[in-house]
Amino acid sequence: MTKRRFYLLPLAILSIILTFSSCKKSPEYVAEPYACDCGDYTWQGSSYNLLSANYIIPDSLNSLSRRYYITADIRAEGEVEARNVNLIIESPDVIYSILDLDDENFEFSAYAQEVNQNDELLPVREYAAITGRIRVTPAIFGGIEPVEYSLTMREVVNEELVGAPFTFTGKFQVNVTYEE
């Protein structure tokens, strides 16, 4: 029995030494927001890098139909909670490269949502494009698909356009893949 205790004591000491020597204080973790390096936009006069740019093909019968979704963190200095502007642009077909939205042309639709967790009264605001143009270089066979846009937006409250129009511009790219 003494032989067994003799082996257990060094193992206990060794495990204590390893436990304390392997613990070390690391610097405080600082979260860095994800950035896709896939574009930027100008919202209300300020430029922001995108956090993400994605797409789906909404019409299974037309591989050149697109719904783009982009988002960026627009948090102002001193704001603690999240604040993002998300934009969705949808077109039944991007083959023509330049698409217009005006009184006569409805070649795409676009709307934005500002989510501001710092504002208790209006945490979500919605905006609709009333005019604009998008320029797409369609990735017909897959690959990088660059998109540029210039939109005139107005806020939407209770399904009514309110407030003064403003310009929302930007550019982004998505990597289009087709399932085989």
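Reader: How many helices and strands are there in the protein?

Author: Helices (H or I, at least four residues) and strands (E, at least two) are DSSP runs, numbered from the N terminus. Here you have 1 helix and 9 strands, and from the N terminus they run α-β-β-β-β-β-β-β-β-β. Keep in mind that this is a predicted model, where local features need pLDDT of at least 70, side-chain atom pairs count only at pLDDT 80 or more, and totals for chains, interfaces and linings use all residues. Residues are numbered from 1 along each chain as its sequence is written, and side-chain values use heavy atoms, with hydrogens and water left out.

Reader: Which strands pair with β2?

Author: Two strands pair if DSSP finds at least two bridges between them. Strand β1 (residues 39-43) pairs with β2 (residues 46-56) in the antiparallel sense, over 4 bridges. T42 stands opposite S47 in β2. The two strands form a hairpin with 2 residues between them, and Q44 in that turn has a positive phi of about 50 degrees. β2 also pairs with β3 (residues 66-73), again antiparallel, over 6 bridges. There, N54 has Y69 in β3 as its bridge partner.

Reader: Which cysteines form a disulfide?

Author: A disulfide is a pair of cysteine sulfur atoms within 2.5 Å. The structure holds 1 of them: C36 and C38, with their sulfur atoms 1.8 Å apart. The link is left-handed, with -60 degrees about the S-S bond.

Reader: Is C38 buried or exposed?

Author: Go by relative accessible area: buried means under 20%, exposed over 50%, and partly exposed in between (1.4 Å probe, protein chains only). C38 counts as buried because its relative accessibility is 10%. Across the protein, buried residues make up 31% of the 180 residues.

Reader: Where is S97 found, and what is its phi?

Author: S97 is in the loop between β4 (83-91) and β5 (98-101). Its phi is near 70 degrees, a positive value in a residue other than glycine. S97 has a relative accessible area of 24%, so it is partly exposed.

Reader: And E159, buried or exposed?

Author: E159 counts as exposed because its relative accessibility is 77%. You'll find E159 in the loop between β8 (143-157) and β9 (160-176). E159 is not a glycine, yet it has a positive phi of about 65 degrees.
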